[in-house]
Amino acid sequence: MAAAAVEKKSGSEMTVVRGLDVARYMGRWYEIASLPNFFQPRDGRDTRATYALRPDGATVDVLNETWGGNGKRDYIKGTAYKADPASDEAKLKVKFYLPPFLPVIPVVGDYWVLYVDDDYQHALVGEPRRKDLWILCRQTSMDDEVYGRLLEKAKEEGYDVEKLRKTPQDDPPPESDAAPTDTKGTWWFKSLFGK
């Protein structure tokens, strides 16, 4: 996927990947950096997302995981699907149910793939309000040159990249079943208060 022409787009529509190969996009992505948001713990590390395409070929199972400063694994499961099935733009909707320990409230957000390289190893993901941004990689670390190119792409799309926070990633990454899990959802309550 080639990068879009350079222009400042702070008040206009973002350039979104067209013709995303959803099957190739599946698997695990490590968060290299993100804009801080209320639904991720501030002390989170080893944050990652794992995507799996359902047999219907249209719905994606989503597993978001992060490890808090207490060493506990926090996670939430959801689904993703194309916002407009007739469009070739990589504009998806993600749906989670909150709180995670008693999932009753559906929360739907935008997941726009702004860039993915030809080998599907690096991705830039945002949303139309420009409040959320993720730099993702198939590995736990990213080459500085690649990171710089993704920062430039984010700037072109109107993002304030000065606010990006790099996500600490251990190598090798932790295993999901090797750490205690926060089953009470305390991380979710803390996130409401910006903890």
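Arg130 lies in the loop between β7 (122-126) and β8 (133-137); helices (H or I, at least four residues) and strands (E, at least two) are DSSP runs, numbered from the N terminus. Arg130 is buried, because its relative accessible area is 16%; buried means under 20%, exposed over 50% and partly exposed in between (1.4 Å probe, protein chains only). Leu35 is 95 residues away from Arg130 along the chain, yet their C-alpha atoms are separated by 9.5 Å.

The model is predicted: local features need pLDDT of at least 70 and side-chain atom pairs count only at pLDDT 80 or more, while totals for chains, interfaces and linings use all residues. Residues are numbered from 1 along each chain as its sequence is written, and side-chain values use heavy atoms, with hydrogens and water left out.

The protein chain holds 3 helices and 9 strands. Along the sequence, their pattern is α-β-β-β-β-β-β-β-β-α-β-α. Of its 195 residues, 46% count as buried. Contact means heavy atoms within 4.5 Å. Among contacts between residues at least 6 apart in sequence, 56% join residues at least 24 apart.

The largest nonpolar core has 45 residues. Such a core is a set of buried Ala, Val, Leu, Ile, Met, Phe, Trp, Tyr and Cys residues joined through side-chain atoms within 4.5 Å. Tyr25, Tyr51, Tyr111, Val113, Val116, Ile135 and Leu164 touch the most other members. Strand β6 (residues 105-116) gives the most to this core, with 6 residues. Leaving aside residues up to four places away in sequence, Tyr51 touches Tyr25, Met26, Gly27, Trp29, Val60, Asp61, Val62 and Tyr111. In soluble globular proteins, nonpolar side chains tend to be buried together.

Val107 is also in strand β6. At 35% relative accessibility, Val107 counts as partly exposed. Together with Leu102, Val104 and Ile105, Val107 forms a nonpolar patch on the surface, with about 350 Å² of accessible area. Accessible areas come from the Shrake-Rupley method with a 1.4 Å probe; for residues, only the protein chains shown count as cover. The protein chain exposes about 10400 Å², of which carbon and sulfur atoms supply 54%.

Confidence is given as pLDDT, from 0 to 100 for each residue. The protein chain averages 86, and 83% of the residues score at least 70. Over residues 1-10 the pLDDT is below 50; this stretch has 25 contacts in the model beyond near neighbours in sequence. Residues 187-195 also stay under 50, with 17 contacts beyond four places in sequence. Where pLDDT is low, the predicted coordinates should not be read in detail.

Notes:
Patches are made of residues with over 30% relative accessible area and no salt bridge: like charges are joined within 9 Å, nonpolar side chains (Val, Leu, Ile, Met, Phe, Trp, Tyr) within 5 Å. A salt bridge is a side-chain nitrogen of Lys or Arg within 4 Å of a carboxyl oxygen of Asp or Glu. pLDDT is the predictor's confidence in each residue, from 0 to 100.
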